[in-house]
Amino acid sequence: MGTVTVNPFMWDIGVDIVDISRFRKIPYSNHKRFYDHVFTPKEIEYCLFSGKPAQHFAATFAGKEAVYKAVNKRLNIGLRQIAILRDRCGVPEVNFHADGKEGNANPIASADLPSEVRVSLSHSSSHAIAFAIVRFREPEPQIFKTRVVP
């Protein structure tokens, strides 16, 4: 009889693609209410000060959607609670905001958060795409006894 241990980590994925023209048609200067509802202040600042705001808003939006698709089975979370920020090298990072300052209506318990989140963003002149992979830690690994039948 053998023993099999199930991996205590569960992986979830999400992907999203956005037509950049959607963001070109609704510039920030004329649609601040929409942007403030969907994006965090740091995301807006990053996108506005980039050379091509529509591409960056579209890629950031795709990233938020991809992360949302990967976590929504386990977390009751809104898009504004997911922040796609960039590190010093420009690599996208995901932060979850549980305080009211970043638009959180539903508190997120830290025990419910994923143990690891990775997101990849890319865009052409017409589309932005994002892929997210999220790892959740399960409470306890399950051990099963197996028996080989001749």
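Predicted model: local features only at pLDDT ≥ 70, side-chain atom pairs only at ≥ 80, totals over all residues.
Two strands count as paired here if DSSP finds at least two bridges between them.

Strand β5 covers residues 116-123, and its pairing with β6 is antiparallel, running over eight bridges. To pick out one spot, look at Ser122: its bridge partner in β6 is Ile129. The link from β5 to β6 is a hairpin of three residues.

Now follow β6 itself, residues 127-137. In a regular strand, side chains alternate between the two faces of the sheet.

Next, the inside. The largest nonpolar core is made of 32 residues, and the ones with the most contacts inside it are Phe23, Phe39, Val67, Val71, Val94 and Phe96. Helices α2 (32-38), α3 (41-48) and α4 (53-71) each give two or more residues to this core, as do strands β3 (82-86), β4 (92-96), β5 and β6. The top contributor is α4, with 10 residues.

Setting aside neighbours within four places in sequence, Val67 is in contact with Ile82, Ile84, Val94, Phe96, Val117, Val119 and Ala132.

One more stop: His56, which lies in helix α4. Is His56 buried or exposed? His56 counts as buried because its relative accessibility is 17%, and the cut-off for buried is under 20%. Leaving out residues up to four places away in sequence, His56 touches Tyr46, Cys47, Ser50 and Arg86.

Key. Residues numbered from 1 in each chain as written. Heavy atoms only, no water. Buried < 20%, exposed > 50% of the residue type's maximum accessible area, 1.4 Å probe, protein only. Helix = DSSP H or I, 4+ residues; strand = E, 2+ residues; numbered from the N terminus. Core = buried A, V, L, I, M, F, W, Y, C linked by side-chain atoms within 4.5 Å. Contact = heavy atoms within 4.5 Å.
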